[in-house]
Amino acid sequence: MFEVMVDQERCVGCGFCVRACEFGAISMSMKDKVVLICDQCKDEEDGPQCVKFCPKEAISFTTLDSYAQKERTKTTEKLISGLAKSQK
Ligand code: SF4
Ligand code: SF4
């Protein structure tokens, strides 16, 4: 099942997604610059607009398994990068 997911590390709090959502379904904490999103229109023919308008590719429309795999890959890359730096 496809879900709308937000990568909070990529989000810069620009608010493009808030303006793109025609349902007014996104809220943002200005303090933390964290967006809270839904998957209300995931069955629309052209998919969720919030995903398309995010300039940082922080919002994805994917399965939980794919998202988890992507996160694991990111974590592994960070660990490898950290190890490489510590060996210099
Ligand atoms: S999934 Fe649709 S309704 Fe929900 S925040 Fe994104 S654009 Fe708005
Ligand atoms: S458009 Fe993307 S980067 Fe901008 S606030 Fe929304 S999720 Fe964050």
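Arginine 72 counts as exposed because it has 10 C-beta neighbours inside 10 Å; the cut-offs are 12 or fewer other C-beta atoms within 10 Å for exposed, 20 or more for buried, and partly exposed in between, with C-beta atoms placed from the backbone. This is a predicted model, where local features need pLDDT of at least 70 and side-chain atom pairs count only at pLDDT 80 or more, while totals for chains, interfaces and linings use all residues. Residues are numbered from 1 along each chain as its sequence is written, and chains are lettered from A and ligands numbered from 1 in the order in which they are written.

Arginine 72 sits in helix H3, residues 64-86 (helices are DSSP runs of H or I, at least four residues, and strands runs of E, at least two, numbered from the N terminus). Its C-alpha atom is 24 Å from that of lysine 52, 20 residues away along the chain.

Now the core. Which residues make up the largest nonpolar core? There are ten: Val4, Met5, Cys17, Val35, Ile37, Cys50, Val51, Cys54, Ala58 and Ile59. Such a core is a set of buried Ala, Val, Leu, Ile, Met, Phe, Trp, Tyr and Cys residues joined through C-beta atoms within 7 Å. Strand S1 (2-6) and helix H2 (49-53) are the elements giving it two or more residues.

Last, the ligands. Around ligand 1 there are 14 residues, and Cys21, Gln40, Cys41, Pro48 and Cys50 come nearest (C-beta atom, placed from the backbone, within 6 Å). For ligand 2 there are 13, with Cys11, Cys14, Phe16, Cys17 and Cys54 nearest.
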